[in-house]
Amino acid sequence: MPRFSLTQLRYQLRSQLRQYRHYRRSRRQLLSLDDRLLEDIGIDRTQALKEGHKAFWKHTSLDEGPYENR
């Protein structure tokens, strides 16, 4: 049976919360871009809205680009 470590749990929780804040901030910034900037990064407004309105705890895997048409 693995040992329970409060230090490790606290580290993992802090790391996960930091990642959630990153997702939330990135998605807010994506929603604030105008159409010209969205075109520069290769997505349209519909794709930006879809990604921007995801819940902060959801993320796109590295194998699947977040802006590909599925």
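Helices are DSSP runs of H or I with at least four residues, numbered from the N terminus. The exercises below concern a predicted model.

**Exercise 1. Determine which residues make the nonpolar surface patch, and classify the accessibility of Leu9.**

Solution. 
Step 1. The patch is made by Phe4, Leu6 and Leu9, and its area is about 360 Å².
Step 2. Of these residues, Leu9 lies in helix 1.
Step 3. A residue is buried under 20% relative accessible area and exposed over 50%, with partly exposed in between. Leu9 has a relative accessibility of 41%, and therefore counts as partly exposed.

**Exercise 2. Describe the two sides of helix 3 and state what its buried residues pack against.**

Solution. 
Step 1. Helix 3 covers residues 45–52, and its buried residues are Gln47, Ala48, Glu51 and Gly52.
Step 2. These residues lie on the same side of helix 3, because the arc they cover around the axis is only 125 degrees.
Step 3. Thr46 and Lys50, on the other side of helix 3, are exposed.
Step 4. The partners of the buried residues in packing are helix 1 (6–32) and helix 2 (35–40).

**Exercise 3. Identify the residue that caps the N-terminal end of helix 3, and give the distance involved.**

Solution. 
Step 1. The capping residue is Asp44.
Step 2. A side-chain oxygen of Asp44 is placed 3.2 Å from the backbone nitrogen of Thr46.

**Exercise 4. Trace the network of salt bridges that contains Glu51.**

Solution. 
Step 1. A salt bridge requires a side-chain nitrogen of Lys or Arg within 4 Å of a carboxyl oxygen of Asp or Glu. By this rule, the count is four salt bridges.
Step 2. One of them joins Arg27 to Glu51, with 3.2 Å between the closest N and O atoms. Arg27 belongs to helix 1 and Glu51 to helix 3, so this pair ties together parts that are 24 residues apart in sequence.
Step 3. Both Arg27 and Glu51 are buried.
Step 4. Lys54 is located in the segment after helix 3. Its relative accessible area is 26%, so Lys54 is partly exposed.
Step 5. Taken together, Arg27, Glu51 and Lys54 are linked in a network of salt bridges.

**Exercise 5. Find the salt-bridge partner of Arg45 and locate both residues.**

Solution. 
Step 1. The partner is Asp35, and the closest N and O atoms of the pair are 3.1 Å apart.
Step 2. Arg45 lies in helix 3 and Asp35 in helix 2; the pair links distant parts of the chain, 10 residues apart.
Step 3. Arg45 counts as partly exposed because its relative accessibility is 27%.

Conventions:
Residues numbered from 1 in each chain as written. Predicted model: local features only at pLDDT ≥ 70, side-chain atom pairs only at ≥ 80, totals over all residues. Heavy atoms only, no water. Buried < 20%, exposed > 50% of the residue type's maximum accessible area, 1.4 Å probe, protein only. Arc of directions from axis to C-beta. Contact = heavy atoms within 4.5 Å. Polar contact = N/O pair within 3.5 Å; in protein donor to acceptor, adjacent residues only side chain to side chain. Patch = residues over 30% accessible without salt bridge, like charges linked within 9 Å, V, L, I, M, F, W, Y side chains within 5 Å. Areas by Shrake-Rupley, 256 points an atom, 1.4 Å probe, with all protein chains shown as cover.
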